[in-house]
Amino acid sequence: MSITRITRFGMVNAFLVEEDDGLTLVDTTLPGGAKTILAAAGRLGRPIVRIVLTHAHQDHIGSLDALAAQLPGVEVAISARDAKLLAKDMTPEPGEPADAKLRGGYSGAKTRPGRLLAGGDRVGSLEVVPAPGHTPGQIALLDTRDRTLIAGDAYSTLGGVATAAKPNPRMPLPALATWHRPTALATARALRGLDPARLAVGHGKTVDAPGSAMDRAISRAEAG
Ligand SMILES: [Zn+2]
């Protein structure tokens with residue numbers, strides 16, 4: 001496995017993904033995390049060459065500006081849809097569900113992405129998988145080497161594997177920050193369909209062989 005999890009406050013994750021040319025950082029945790037993240041990269045002995053954001057919530061983009069300032073030339077990538085939210089443009093897009101609502105913290109960042117991602121794009125060994133619902137433009141990332149799925153907040157594992165479509169009583173925050181639950185449920189099913197070998201998420205530990213736990217989480221969300 002070529003992915004290292006960085007955890008802050010026991011509940012907010014970022015990931016360092018090893019590639020031939022250096023490290024891809026997936027998400028940046030809350031503000032104040034740059035030092036911890038750079039130290040983790042230092043322990044791996046590799047430079048961070050790109051930053052990919054699964055979505056624009058503050059607990060994923062919070063240390064982006066600080067990291068970009070300390071990593072000159074780093075490539076920053078996010079979906080086109082969540083790039084708007086990163087720039088604090090909260091206007092909906094044509095065709096989005098009328099009952100969708102932006103929830104959770106969108107603090108925005110000064111850093112502008114140099115690359116806008118769409119489904120099927122590759123970021124090193126990672127394949128971009130659309131994962132809308134928690135936010136309108138969330139993406140997941142599938143490591144094509146070992147089928148580790150970095151799911152952003154489409155799933156959480158803190159207090160048990162859960163989807164973003166239904167609050168987990170033991171860790172309700174990801175679902176409470178969800179933009180549109182029916183879309184989040186459709187994404188949970190689509191990600192399950194990838195049959196990941198490992199599920200890595202924004203909140204909680206990485207789970208090996210997650211298929212049956214994902215099935216149960218989907219069933220609970222379907223039950224309403
Ligand atoms: Zn989130």
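The radius of gyration is taken over C-alpha atoms, and the globule rule is 2.2 Å times the number of residues to the power 0.38. This is a predicted model, in which local features need pLDDT of at least 70, side-chain atom pairs count only at pLDDT 80 or more, and totals for chains, interfaces and linings use all residues. Residues are numbered from 1 along each chain as its sequence is written, and side-chain values use heavy atoms, with hydrogens and water left out.

**Figure 1. Overall view of the protein.** A compact globule of 224 residues would have a radius of gyration near 17 Å, and the 16 Å of the protein agrees with this. Along the principal axes, the C-alpha atoms fill a box of roughly 45 × 40 × 35 Å. The protein has seven helices and 14 strands; these are DSSP runs numbered from the N terminus, with helices (H or I) of at least four residues and strands (E) of at least two. Of the 224 residues, 53% count as buried (buried is under 20% relative accessible area, exposed over 50%, partly exposed in between, with a 1.4 Å probe and protein chains only).

**Figure 2. The zinc site.** The zinc ion is coordinated at 2.1 to 2.3 Å by His55 (NE2), His57 (ND1), His134 (NE2) and Asp153 (OD). Donors are N, O and S atoms within 2.8 Å of the metal (3.2 Å for Na, K and Ca); water is not among the atoms, so sites may look incomplete. Along the chain, the donors follow the spacing H-x1-H-x76-H-x18-D. His55 lies in the loop between β4 (48-52) and α2 (58-61), and Asp153 in the loop between β10 (148-150) and β11 (155-156), so the pair ties together parts that are 98 residues apart in sequence. Both His55 and Asp153 are buried.

Figure 3. The loop between β8 (126-130) and β9 (139-143) holds His134. His134 counts as buried because its relative accessibility is 1%. Contact means heavy atoms within 4.5 Å. The nonpolar cores. The largest nonpolar core has 25 residues, and those with the most contacts inside it are Leu16, Leu25, Ile48, Ile51 and Leu53. Such a core is a set of buried Ala, Val, Leu, Ile, Met, Phe, Trp, Tyr and Cys residues joined through side-chain atoms within 4.5 Å. Elements that give two or more residues to this core include β2 (12-19), β3 (22-26) and α1 (34-44). The largest share, four residues, comes from α1. A second, separate core of 22 residues includes Ala164, Ala165, Leu185 and Met214.

Figure 4. Asn168 is found in the loop between β12 (162-163) and α5 (173-176). With a relative accessible area of 10%, Asn168 is buried. Not counting residues up to four places away in sequence, Asn168 touches Leu158, Gly159, Gly160 and Ala162. Phe9 lies in the loop between β1 (3-8) and β2. At 59% relative accessibility, Phe9 counts as exposed. Phi of Phe9 is near 55 degrees, a positive value in a residue other than glycine.
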